[in-house]
Amino acid sequence: MSKWIISLIIIFLFSAEINHIQLFASAKPKIAFSNVELDKLKLVADIKIFTPSSPVQVYKMEIKEPYPFNPDHSVSEVRLHFFDETGKNYLFGIEEHKAVKYKINRVITTIDVRNQTSTTRTVVEDFKFSERGEKININGFEGRYEPWVYHVPGGYLRWVHDDTFIEIDSGELTKEEMIALAKSMK
C-alpha cells in the first residue's frame, strides 16, 4: 500500500512540474531568431516599423509587445527587446507607435496617508512628444536624449520618423552608441 501511495505522489509531483514548465513556457514571449516574425509584424502594423541595421553587431530580438502576437489582428504599438548574441544579456528596447492621433493610457494613483487609502484611475489622452532632454539630430529628425540618473550608461532616446514615434531605452549602451543605433534604423 505504501509503495502505491509513494508512486502516486511521484506521479503527482512529476505532472505538476510538467504543467509548471508548460505554463512558464507559454508565458514567455516568442524569441525571433530570424526576421520571419518581424516580417509578419510589419505586414499587420498600422505604422512603419524601424529596426537597427548595424552590420557589425548581431542581436537576438524578442517581440515583447504585442503579446501574444496574432498576425490576424492590426497592430498599433510595438515593443522589441534586443539581447546580445547569446540571448541572455538585455542591451536595449525599442518602442514604436503612431506619433499623431494616438491615444495613451495614463495611470494616476492618489494616496491618502491620513486615511490610509489609495485610488487608481486610468486617463486616456492624446500622445504628446516630450521635448525634455538634449536635442539630438537623427538623420535630419530632431530627437531628444535623456540620460539615466546617477551617471550610469544609457537613458532614453526618442524621435519621430515618418509619423512613427520611436523610443530607445538602454542601461547598457552609451549615449553615443544609442545615437549610432538610432541613425542605423531603417
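Modeller: Here we go through the labels one at a time, each with its cut-off.

Modeller: This is a predicted model, in which local features need pLDDT of at least 70 and side-chain atom pairs count only at pLDDT 80 or more, while totals for chains, interfaces and linings use all residues. Residues are numbered from 1 along each chain as its sequence is written, and side-chain values use heavy atoms, with hydrogens and water left out.

Colleague: How many helices and strands does the chain have, and what makes a run count as one?

Modeller: The chain has 3 helices and 10 strands. Along the sequence the pattern reads α-β-α-β-β-β-β-β-β-β-β-β-α.

Colleague: Why is Ala99 called buried?

Modeller: Buried means under 20% relative accessible area, exposed means over 50%, and partly exposed is in between (1.4 Å probe, protein chains only). Ala99 has 15%, so it counts as buried. Its place is in the loop between β4 and β5 (103-112). Across the chain, buried residues make up 33% of the 186 residues.

Colleague: What does Ala99 touch?

Modeller: Leaving out residues up to four places away in sequence, Ala99 touches Phe127, Val160, Asp163, Thr164 and Phe165. Touching here is contact, meaning heavy atoms within 4.5 Å. Ala99 and Phe127 are 28 residues apart in sequence, with their C-alpha atoms 7.1 Å apart.

Colleague: And Val149, is that buried or exposed?

Modeller: Val149 counts as exposed because its relative accessibility is 56%. Val149 lies in the loop between β8 (141-147) and β9 (155-161).

Colleague: What makes Val149, Tyr150 and Val152 a patch?

Modeller: Patches are made of residues with over 30% relative accessible area and no salt bridge; like charges are joined within 9 Å, and nonpolar side chains (Val, Leu, Ile, Met, Phe, Trp, Tyr) within 5 Å. Val149, Tyr150 and Val152 form a nonpolar patch on the surface, with about 370 Å² of accessible area together. Such areas come from the Shrake-Rupley method with a 1.4 Å probe, and for residues only the protein chains shown count as cover.

Colleague: What is meant by a nonpolar core?

Modeller: That's a set of buried Ala, Val, Leu, Ile, Met, Phe, Trp, Tyr and Cys residues joined through side-chain atoms within 4.5 Å. The largest one has 30 residues, and Leu41, Leu80, Phe92, Leu157, Trp159 and Ile168 touch the most other members. Among the elements giving two or more residues to this core are α2 (36-44), β4 (90-98), β10 (164-170) and α3 (175-184). The most comes from α3, with 4 residues.

Colleague: Which residues of α3 are buried, and what do they pack against?

Modeller: Met178, Ile179, Leu181, Ala182 and Ser184 are the buried residues of α3. They pack against β4, β7, β8, β9 and β10.

Colleague: Why is the Lys98 and Asp46 pair called a salt bridge?

Modeller: A salt bridge is a side-chain nitrogen of Lys or Arg within 4 Å of a carboxyl oxygen of Asp or Glu. The closest N and O atoms of Lys98 and Asp46 are 3.8 Å apart, so the pair qualifies. The pair links distant parts of the chain, with Lys98 in strand β4 and Asp46 in the loop between α2 and β2, 52 residues apart. Lys98 is partly exposed at 29%, as is Asp46 at 37%.

Colleague: Which residue does Glu146 form a salt bridge with?

Modeller: Arg158, with the closest N and O atoms 2.7 Å apart. Salt bridges that share partners join Arg132, Glu146 and Arg158 into one network. Arg158 has a relative accessible area of 3%, so it is buried. A search of the whole structure finds 6 salt bridges.
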